Amino acid sequence: KLLYGEAFRAPAFMERDFHVPGILDPNPSLEPERVRTVEAVWEQRIRQDYYATASVYHNRMTNLIVTGLAPVGAAARFENLGEANVTGTEFEVSARWQSRRSASLAYSYQKTESAPTGEALNYAPSHLVKCAVASPVFDLMTLAVEGRHTSFQYTSGSLSGLPRRRIDGATVIDATATTKPIWGGFTARLRAHNLLNTVYRGPIAPYRSPFEPDTVLDSIRQDERQIIASVNTRF
């Protein structure tokens with residue numbers, strides 16, 4: 001199938017009207033961001049238990065709302081300064097067997113380009129790989145394991161001269177065990193996020209603390225291993 005779409009995003013209150021004296025000035029003249037998308041999608045069932053999809057797409061974005069840090073003592077503000085092109089492709093193969101086992105593997109690639117500089121967009125990894133498997137265990141529970149790998153991406157830098165930085169990619173694995181209904185319809189679930197306790201960081205918009213003006217943050221450490229237990233029921 002062939003798809004075409006247009007969309008816009010109106011400026012948020014913080015981008016258009018929020019005012020923090022000496023830190024952020026409002027900009028009531030901000031215009032909405034706009035995007036046009038063209039996509040081709042192929043879907044195919046392979047035998048009874050297997051399913052595959054593939055797609056290619058191109059996005060054209062204009063009026064992107066961007067900002068940066070102003071020099072110390074001066075306020076920054078959001079502006080319609082950005083234009084960008086994104087071309088990418090996605091593939092996924094999944095399977096679901098009569099034994100209630102399932103598996104999937106997906107890969108996404110995108111090439112981002114900021115006009116007119118030609119640089120890759122900030123916060124936009126080029127490669128993303130996802131895989132997942134799920135299986136009943138001793139007919140008592142279902143165990144699901146999900147993994148994802150994100151390639152490197154860039155921070156945005158700032159108007160104060162903070163350079164763009166490359167943030168390394170990371171592989172994160174989650175696992176979830178869910179029991180069958182017990183005790184009159186209750187189910188128990190145990191979930192481990194970031195099972196291998198991978199240490200990685202994610203880029204953020206450059207931020208200068210008003211309490212420490214010489215300190216600028218452009219990335220933040222992501223969550224470490226988390227174990228979450230819950231009990232659920234339906235009424």
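# Strand placement, salt bridges and core

Thr89 is found in strand 4, which covers residues 79–96; helices (H or I, at least four residues) and strands (E, at least two) are DSSP runs numbered from the N terminus. The model is predicted, so local features need pLDDT of at least 70 and side-chain atom pairs count only at pLDDT 80 or more, while totals for chains, interfaces and linings use all residues. Residues are numbered from 1 along each chain as its sequence is written, and side-chain values use heavy atoms, with hydrogens and water left out. The structure holds 14 salt bridges, and its largest nonpolar core has seven residues.

- Thr89 is buried, at a relative accessible area of 15%; buried means under 20% relative accessible area, exposed over 50%, and partly exposed in between, with a 1.4 Å probe and protein chains only.
- From its side chain, Thr89 reaches the backbone oxygen of Ser55 at 2.8 Å. This is a polar contact (a pair of N or O atoms within 3.5 Å; within protein, one must be able to donate a hydrogen and the other to accept it, and residues adjacent in sequence count only if both atoms are side-chain atoms).
- Apart from neighbours within four places in sequence, Thr89 is in contact (heavy atoms within 4.5 Å) with Ser55, Val56, Tyr57, Tyr107, Ser108 and Tyr109.

**Salt bridges**

- Glu43 and Lys1 meet through their side chains in a salt bridge of 3.7 Å, N to O. This pair links distant parts of the chain, 42 residues apart: Glu43 is in strand 2 (residues 33–46), and Lys1 is in the segment before strand 1 (2–9).
- A salt bridge is a side-chain nitrogen of Lys or Arg within 4 Å of a carboxyl oxygen of Asp or Glu.
- Glu43 is partly exposed, with a relative accessible area of 41%, whereas Lys1 counts as exposed at 58% relative accessibility.
- Glu6 and Arg36 form a side-chain salt bridge at 3.6 Å, N to O. Because Glu6 lies in strand 1 and Arg36 in strand 2, the pair ties together parts that are 30 residues apart in sequence. Both Glu6 and Arg36 are exposed.
- The side chains of Lys180 and Asp139 meet in a salt bridge at 2.8 Å, N to O. The two residues sit in distant parts of the chain, 41 residues apart: Lys180 in the loop between strand 10 (170–179) and strand 11 (187–193), and Asp139 in the loop between strand 6 (127–137) and strand 7 (141–150).
- Lys180 is partly exposed, with a relative accessible area of 34%, and Asp139 is also partly exposed, with 48%.

**Leu121 and the largest nonpolar core**

- The largest nonpolar core consists of Tyr57, Met61, Leu64, Ala84, Val86, Leu121 and Ala124. Strand 3 (50–66) and strand 4 are the elements that give two or more residues to this core. Strand 3 gives the most, with three residues.
- A nonpolar core is a set of buried Ala, Val, Leu, Ile, Met, Phe, Trp, Tyr and Cys residues joined through side-chain atoms within 4.5 Å.
- Leu121 is found in the loop between strand 5 (102–115) and strand 6 and is buried, with a relative accessible area of 18%.
- Beyond its neighbours within four places in sequence, Leu121 is in contact with Met61, Ala84, Val86, Thr112, Glu113, Ser114 and Arg164.
- Leu121 and Arg47 are 74 residues apart in sequence and 40 Å apart in space, C-alpha to C-alpha.

**Positive phi angles**

- Most residues other than glycine have a negative phi.
- Tyr123 has a phi near 60°, a positive value in a residue other than glycine. Tyr123 is found in the loop between strand 5 and strand 6 and is partly exposed, with a relative accessible area of 35%.
- Asn194 has a positive phi near 55° and is likewise a residue other than glycine. Asn194 is placed in the loop between strand 11 and strand 12 (201–208) and is buried, with a relative accessible area of 0%.

**Nonpolar surface patch**

- Phe13, Met14 and Phe18 make a nonpolar surface patch of about 320 Å². Met14 lies in helix 1 (residues 13–16).
- Patches are made of residues with over 30% relative accessible area and no salt bridge; like charges are joined within 9 Å, and nonpolar side chains (Val, Leu, Ile, Met, Phe, Trp, Tyr) within 5 Å.
- Accessible areas come from the Shrake-Rupley method with a 1.4 Å probe, and for residues only the protein chains shown count as cover.
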